[in-house]
Amino acid sequence: MVKILKLRNGIEIDEEKSLGKLKFLDKKSPSLILGEDGEPTGEIKDRRYDVLSKLQHDSFTVVLPAETEEKDFPFNSTVKLINPVVENYAIPNGRYVDSGIRVTADDIILDDKGVAIETKPSKPTTNPLKK
């Protein structure tokens, strides 16, 4: 029972051990606050970015507070999360429940070595056995 209560509050993780090297993939449209009529008010609720975890071999969305500046990092840049927390969620769907995890962080920054790596075309090699 104690584990469930801990999950409700989120789990602080060691980014390096849990996720490994993170690569920036894309920024998503920010979530907007909805008014009483169900229409967007134009106020930003939170910002979302897709990153790739080399250790998990999967991509996921990181949710940042609305107060953070908009990030526009180059594709495939190495990034770090500031104070990442993993939360679980469940959405009732009739007789079933859709569940998953949500990763939130205070911010996302370029790693010290976070410059995107530009690949150079390889030179064709010649087969020394052919003459």
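The legends below describe close-up views of a predicted model.

In this predicted model, local features need pLDDT of at least 70 and side-chain atom pairs count only at pLDDT 80 or more, while totals for chains, interfaces and linings use all residues. Residues are numbered from 1 along each chain as its sequence is written, and side-chain values use heavy atoms, with hydrogens and water left out.

**View 1. Lysine 28 and aspartate 50 form a salt bridge.**
A salt bridge is a side-chain nitrogen of Lys or Arg within 4 Å of a carboxyl oxygen of Asp or Glu. By this rule the model has five salt bridges. In the pair shown here, the N to O distance is 4.0 Å. Lysine 28 sits in the loop between strand E2 (22-27) and strand E3 (31-34), and aspartate 50 in strand E4 (residues 40-53), so the pair links distant parts of the chain, 22 residues apart. Strands (E, at least two residues) and helices (H or I, at least four) are DSSP runs, numbered from the N terminus. Aspartate 50 is buried, with a relative accessible area of 19%, whereas lysine 28 is partly exposed at 41%. Buried means under 20% relative accessible area, exposed means over 50%, and partly exposed lies in between (1.4 Å probe, protein chains only).

**View 2. Aspartate 107 and lysine 71 form a salt bridge.**
Here the N to O distance is 3.0 Å. The pair links distant parts of the chain, 36 residues apart: aspartate 107 is in strand E9 (residues 107-110), and lysine 71 is in the loop between strand E5 (58-65) and strand E6 (78-82). Lysine 71 is buried, with a relative accessible area of 11%.

**View 3. Glutamate 87 and arginine 102 form a salt bridge between two strands.**
The N to O distance in this pair is 3.6 Å. Glutamate 87 belongs to strand E7 (residues 85-93) and arginine 102 to strand E8 (residues 96-104), so the pair ties together parts that are 15 residues apart in sequence. Glutamate 87 is partly exposed at 26% relative accessible area, and arginine 102 is partly exposed at 34%.

**View 4. Strand E5 pairs with E4 and with E8.**
Two strands pair if DSSP finds at least two bridges between them. E4 and E5 are antiparallel and share eight bridges. One of the residues to look for is arginine 47, whose bridge partner in E5 is leucine 64. E5 and E8 run parallel and are joined by two bridges. In E8, valine 103 is the bridge partner of valine 62.

**View 5. Histidine 57 has a positive phi in the hairpin of E4 and E5.**
Four residues lie between the strands of this hairpin. Histidine 57 is in the loop between E4 and E5, and its phi is near 55 degrees. Most residues other than glycine have a negative phi. At 71% relative accessibility, histidine 57 is exposed.

**View 6. Asparagine 76 also has a positive phi without being a glycine.**
Its phi is about 75 degrees. Asparagine 76 lies in the loop between E5 and E6. With 25% relative accessibility, asparagine 76 is partly exposed.

**View 7. The largest nonpolar core has 15 residues.**
A nonpolar core is a set of buried Ala, Val, Leu, Ile, Met, Phe, Trp, Tyr and Cys residues joined through side-chain atoms within 4.5 Å. Those with the most contacts inside this core are Phe60, Val62, Val79, Leu81 and Ile108. E2, E4, E5 and E6 each give two or more residues to the core, and E5 gives the most, with three. Contact means heavy atoms within 4.5 Å. Leaving aside neighbours within four places in sequence, valine 62 is in contact with Arg47, Arg48, Tyr49, Val51, Leu81, Val103 and Ala105.

**View 8. The largest pocket has a volume of about 160 Å³.**
On a 1 Å grid over the protein atoms alone, where a 1.4 Å probe fits, a pocket is an open set of points with protein on both sides within 12 Å along at least five of seven lines, and lining residues have an atom within 4 Å of a point. Grid points are joined across faces, edges and corners, and the volume is the space filled by probe spheres set on the points. Among the lining residues are Ser18, Leu19, Ser53, Gln56 and Phe60. E5 gives the most to this lining, with three residues.
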